[in-house]
Amino acid sequence: MKIRFYEKLDGFRWLGFILAMISAFILSSGNEELQWLGWAVALFSCSIWVYMGYKDKDIPRALMELMYLCLAIRGVWNWF
């Protein structure tokens with residue numbers, strides 16, 4: 001198994017991480033009026049991680065995030 005070490009973590013990865021944490025916080029808050037916002041933030045976070053998985057040639061991770069991206073789109077769609 002190849003372990004990848006990054007010399008420099010770019011800001012795009014940090015943005016994806018921060019957005020994932022914000023969406024998890026919003027979605028777990030129990031506030032039904034903000035659920036759409038949590039799914040919308042998750043949509044952007046997953047888009048970043050799908051791109052990063054593709055860029056890193058980590059197809060299983062990209063596919064997992066693509067599945068979550070589809071669920072985030074469904075979540076936003078259901079709330080509107």
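**Exercise 1. Is Ile-22 buried, exposed or partly exposed?**

Solution. Ile-22 has 39% relative accessibility, so Ile-22 counts as partly exposed. The cut-offs are these: buried is under 20% relative accessible area, exposed is over 50%, and partly exposed lies in between (1.4 Å probe, protein chains only). Ile-22 sits in helix 1, residues 11–27. Helices here are DSSP runs of H or I with at least four residues, numbered from the N terminus.

The model is predicted: local features need pLDDT of at least 70, side-chain atom pairs count only at pLDDT 80 or more, and totals for chains, interfaces and linings use all residues. Residues are numbered from 1 along each chain as its sequence is written, and side-chain values use heavy atoms, leaving out hydrogens and water.

**Exercise 2. Find what Gln-35 touches.**

Solution. Start with its place: Gln-35 lies in helix 2, residues 35–55. Next, its cover: 13% relative accessibility makes Gln-35 buried. Now set aside neighbours within four places in sequence. Gln-35 is then in contact (heavy atoms within 4.5 Å) with Ile-26, Leu-27, Gly-30 and Trp-79. Last, the Gln-35 side chain reaches the backbone oxygen of Asn-31 at 3.5 Å.

**Exercise 3. Check the length of helix 2.**

Solution. Helix 2 has 21 residues. The expected span is 1.5 Å times one less than the number of residues. That gives 30 Å, and the end C-alpha atoms are 30 Å apart, so the two agree. After helix 2 comes Lys-57, with a positive phi near 60°.

**Exercise 4. Trace the salt bridges of Asp-56.**

Solution. A salt bridge is a side-chain nitrogen of Lys or Arg within 4 Å of a carboxyl oxygen of Asp or Glu. The whole structure holds three.

- Step one: Asp-56 meets Arg-13 at 3.0 Å, N to O. Asp-56 is in the loop between helix 2 and helix 3 and Arg-13 is in helix 1, so the pair ties together parts 43 residues apart in sequence. Both residues are buried.
- Step two: Asp-56 also bridges to Arg-61, with the closest N and O atoms 2.8 Å apart. Arg-61 is partly exposed at 22% relative accessibility.
- Step three: Asp-58 pairs with Arg-61, closest N and O atoms 3.2 Å apart. Shared partners join Arg-13, Asp-56, Asp-58 and Arg-61 into one network.

**Exercise 5. How far apart are Leu-71 and Leu-43 in sequence and in space?**

Solution. They are 28 residues apart in sequence. In space, C-alpha to C-alpha, Leu-71 and Leu-43 are 8.6 Å apart. Leu-71 lies in helix 3, residues 59–79. At 38% relative accessibility, Leu-71 is partly exposed.

Key. Helices (H or I, at least four residues) and strands (E, at least two) are DSSP runs, numbered from the N terminus. A polar contact is a pair of N or O atoms within 3.5 Å; within protein, one must be able to donate a hydrogen and the other to accept it, and residues adjacent in sequence count only if both atoms are side-chain atoms.
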